[in-house]
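Please read the points below beside the sequence and the structure.

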Amino acid sequence: MTDPIRLRITEIFLSLQGESTSVGCPTVFVRLTGCPLRCGYCDTDYAFQGGEWMTLESILEQVGRYQTAHVTVTGGEPLAQKDCLPLLQQLCDAGYHVSLETSGALDISAVDPRVSKVVDLKTPGSGEVERNRYANLELLGRQDQLKVVICNRVDYDWAVKQLATHDLTRHCEVLFSPSHGQQDAAELAEWILQDRLPVRFQLQLHKYLWGNEPGR
């Protein structure tokens, strides 16, 4: 008999989507435990360790209690657990609108094509720029998003260069977000307007509603 698939879960909770093109939608978040990166602006370092081992069946049961259409699988870095892939597949099979929030450091090629991938492009200010897996860019489609968290003007200039070098908007929508507490949001908005960048400016809605409260 095959052992049941199990994943280490930090939390499962209902909130409003704070980022991406589905911002504001009631969403169930499944936060997986563990991450190989240590970004300087990380606000979920409590998910690096601990967590509870749960079977796929128990995860789906808990998600179903919230009776919402949208589910986001996040972390930590969810793809650091190999069984994240069957979790994503089963959530799609169950009829949910599924998104995956991932650092961009791990291979996304095996992710179910029904999943909307929100992939980070790490800037110098993150402290993890060397972990970017640029091969992932070619795997992004129109339902996906590439997220760039801007910490300062150096990050912004670097990100503008990446837009041109990799023709990023050819792949998917690109999101520029100010690092909360580091980069002034209005200033970033002005830079985007001045340069006529073909990107979407976004704020982390949940930060303005609930701060850094876990489970929000």
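1. A nonpolar core is taken here as a set of buried Ala, Val, Leu, Ile, Met, Phe, Trp, Tyr and Cys residues joined through side-chain atoms within 4.5 Å, where buried means under 20% relative accessible area, exposed over 50%, and partly exposed in between, with a 1.4 Å probe and protein chains only. The model is a predicted one, in which local features need pLDDT of at least 70 and side-chain atom pairs count only at pLDDT 80 or more, while totals for chains, interfaces and linings use all residues. Residues are numbered from 1 along each chain as its sequence is written, and side-chain values use heavy atoms, with hydrogens and water left out.

2. The largest nonpolar core has 44 residues, and those with the most contacts inside it are Val30, Ile59, Val63, Val73, Leu87 and Phe176. Helix α2 (residues 84–93) gives the most to this core, namely 5 residues; helices (H or I, at least four residues) and strands (E, at least two) are DSSP runs numbered from the N terminus. Apart from this core lies another, of 8 residues, which include Cys39, Tyr41, Ala105 and Cys151. As background, nonpolar side chains in soluble globular proteins tend to be buried together.

3. With contact meaning heavy atoms within 4.5 Å, and leaving aside neighbours within four places in sequence, Val73 touches a set of residues that includes Val30, Leu32, Pro78, Cys84, Leu87 and Leu88. Val73 is also the bridge partner, in strand β4, of Val30.

4. Strand β2 (residues 26–32) has 6 of its 7 residues buried, so it is largely enclosed by the rest of the structure. Two strands count as paired if DSSP finds at least two bridges between them: β2 is joined to strand β1 (residues 6–16) by 7 bridges in the antiparallel sense, and to β4 (residues 70–74) by 5 bridges in the parallel sense.

5. How many aromatic pairs does the structure hold? There are 3, where rings of Phe, Tyr and Trp (its six-membered ring) pair if their centres lie within 6.5 Å, with planes under 30 degrees apart counted as stacked, over 60 as edge-to-face and the rest as tilted. The ring centres of Tyr156 and Phe176 are 6.2 Å apart and the planes stand at 90 degrees, so this pair is edge-to-face. It links distant parts of the chain, with Tyr156 in helix α3 (residues 153–166) and Phe176 in strand β8 (residues 173–178), 20 residues apart. Tyr156 is buried at a relative accessible area of 0%, and Phe176 is likewise buried at 0%.

6. The rings of Tyr156 and Trp191 have centres 5.2 Å apart and planes at 45 degrees, and the pair is therefore tilted. Here Tyr156 of α3 is linked to Trp191 of helix α4 (residues 185–194), 35 residues apart. Trp191 counts as buried at 9% relative accessibility, and Tyr156, Phe176 and Trp191 form one aromatic cluster.

7. A charge sits over a ring if NZ of Lys or CZ of Arg is within 6 Å of the ring centre and within 35 degrees of the ring normal. Arg153 lies over the face of Trp191, 4.7 Å from the ring centre, and the charged end of Arg38 sits over the ring of Phe48, 3.7 Å from its centre.

8. Thr165 is found in helix α3 and counts as exposed at 52% relative accessibility.
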